[in-house]
Amino acid sequence: MSKTYYAILGVTPWASEIDIRRAYRDLSKLYHPDTTQLPKDDAVEYFRQINEAYATLSNAERRSAYDCRIQFSRFQYTTNQPPKNLQTNDDDGLPSERPLSGGELFALLLIGATLVACLVLVVLVAWLRGDRLFPEAIAPISTFWLYFL
């Protein structure tokens, strides 16, 4: 079997478009018939393969068709075993609940502290400006409830 386009460019099938472009640029500089030390016929053949691989992998539609042709899928999960990065407790294959990590708890603490600090700052600025805590529009409603208590 001949080499895949990924092997020709020296990238993995999960490579991004930027990685593919970088590999193509490096290899085209290395194997260009005008600049390489290889024999002219070999250089032309290598350069043709590199161009063909890049033309296919740089276009999203051609790349997905090529992946189907070589039977590659970016989502290769077997039904017998769950993916290793998911913790499952049952057979449905969905991730189960897990406890929060220390970093996640710290982030929630920071968010909560920021919220409390903002509320305190709003009340402090209002108090320093001399604003009332309950404006007149709210005051009659609050006194209305005092009659029933």
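**Salt bridges**

I counted four salt bridges, a salt bridge being a side-chain nitrogen of Lys or Arg within 4 Å of a carboxyl oxygen of Asp or Glu. I note that this is a predicted model, in which local features need pLDDT of at least 70 and side-chain atom pairs count only at pLDDT 80 or more, while totals for chains, interfaces and linings use all residues. Residues are numbered from 1 along each chain as its sequence is written, and side-chain values use heavy atoms, with hydrogens and water left out.

I looked up Asp19 and found that it forms a salt bridge with Arg22, with 4.0 Å between the closest N and O atoms. Both sit in helix H2 (residues 17-31), and because they are three residues apart, about one helical turn separates them. Helices here are DSSP runs (H or I, at least four residues), as are strands (E, at least two), numbered from the N terminus. For accessibility I used relative accessible area: buried is under 20%, exposed is over 50%, and partly exposed is in between (1.4 Å probe, protein chains only). Asp19 is partly exposed at 35%, whereas Arg22 is exposed at 52%.

I then took Arg48, which forms a salt bridge with Glu52 at 2.8 Å between the closest N and O atoms. The two lie four residues apart in helix H3 (residues 40-57), about one turn of the helix. Arg48 has a relative accessible area of 42% and is partly exposed; Glu52 is partly exposed too, at 33%.

I also found the side chains of Arg129 and Asp131 in a salt bridge, 3.7 Å from N to O. Arg129 is exposed at 63%, and Asp131 is partly exposed at 38%. Turning to shared partners, I found Glu45, Arg48 and Glu52 joined by salt bridges into one network.

**Thr56**

I placed Thr56 in helix H3 and read its relative accessibility as 14%, which counts as buried. A polar atom of the Thr56 side chain lies 3.2 Å from the backbone oxygen of Glu52. Which residues does Thr56 touch, not counting those up to four places away in sequence? I listed Tyr5, Arg62, Arg63 and Tyr66, with contact meaning heavy atoms within 4.5 Å.

**Aromatic pairs**

I searched the whole structure and got four aromatic pairs. Rings of Phe, Tyr and Trp (its six-membered ring) pair if their centres lie within 6.5 Å; planes under 30 degrees apart count as stacked, over 60 as edge-to-face and the rest as tilted.

The ring centres of Tyr6 and Tyr66 are 6.1 Å apart and the planes are at 50°, so I logged the pair as tilted. Tyr6 is in helix H1 (residues 5-9) and Tyr66 in helix H4 (residues 60-69), so the pair ties together parts 60 residues apart in sequence. Tyr6 is buried at 2%, and Tyr66 is buried at 5%.

I logged Tyr24 and Tyr54 as a stacked pair, 4.1 Å centre to centre with 15° between the planes. This pair links distant parts of the chain, with Tyr24 in helix H2 and Tyr54 in helix H3, 30 residues apart. Tyr24 is buried at 18%, while Tyr54 is partly exposed at 21%.

My last entry is a cluster: ring pairs link Tyr5, Tyr6 and Tyr66.

Definitions and conventions: Polar contact = N/O pair within 3.5 Å; in protein donor to acceptor, adjacent residues only side chain to side chain.
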